[in-house]
Amino acid sequence: MTDAATFTNAGLTPHIDQFNVELTANVNATDWSTSAAAALIRLNASVQSNSDGGKNLVVIIMDALVAMFTLMLTVIAALGVLSMVVQDTRERVHDMGIFKALGMTPQQTIAMVLTSVTLTGLIAGLIGVPIGVAVEKATLSPMGHAIGRHLPPNVTHVYTAGLLLALLAAGVVIALLGALLPAGWAARSRTATAQRTE
């Protein structure tokens, strides 16, 4: 992909085989496709609608790769939380033994461990989401320009308030998922054993 002037300067005629058309909000996509197809048939051209969300094979493969990458990052983040919470729980096992001796139930123990990571997950989300959005905005447009593509707004402006809140909540959810295992271990530990641990 390159600018048409590159061909002209080399004495070649550029060959254009596709135009991408973005319709305004008040245009009916089906009506426009029908009228455009009737006009283009004389030029041996056709209209391909992306009303299905553009779910061709390339897009499906890209979506699968992004989903797999997201899952891998989530697992890695949860394992990091797991490691941190296991170490923290082991350091506090004597204190938990005292709490259990004073009447703390297993459910309260689990709640205490999970609550201890909630703030960390929230802070991670508050820091990570703006950085992620900034990096995406700083790299996406230059990448598009590098291949001669001017990306449409539905590609470059995808962050809604709801999506940003969901991404922020993901930090808390990942922290809670990573803390579930050590929280269960802390709840099952015997009071006498915990009190003898230093």
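Some ground rules: residues count from 1 along each chain as its sequence is written, and side-chain values use heavy atoms, with hydrogens and water left out. Local features need pLDDT of at least 70 and side-chain atom pairs pLDDT 80 or more, while totals for chains, interfaces and linings use all residues.

Confidence first. pLDDT is the predictor's confidence in each residue, from 0 to 100. Helices here are DSSP runs (H or I, at least four residues), numbered from the N terminus.

| Region | pLDDT |
|---|---|
| Chain | average 81 |
| Helix H2 (residues 29–40) | mean 88, highest |
| Helix H8 (residues 191–196) | mean 58, lowest |

Across the chain, 90% of the residues score at least 70. Where pLDDT is low, the predicted coordinates should not be read in detail.

Now inside. Leaving out residues up to four places away in sequence, Met96 touches (heavy atoms within 4.5 Å) Thr89, Thr109, Met112, Val113 and Ala186.

Over in helix H2 sits Ser33. Ser33 counts as buried because its relative accessibility is 17%, the cut-off being under 20% with a 1.4 Å probe and protein chains only. Beyond neighbours within four places in sequence, Ser33 is in contact with Val47 and Ser49.

Definitions and conventions. Helix = DSSP H or I, 4+ residues; strand = E, 2+ residues; numbered from the N terminus. Buried < 20%, exposed > 50% of the residue type's maximum accessible area, 1.4 Å probe, protein only.
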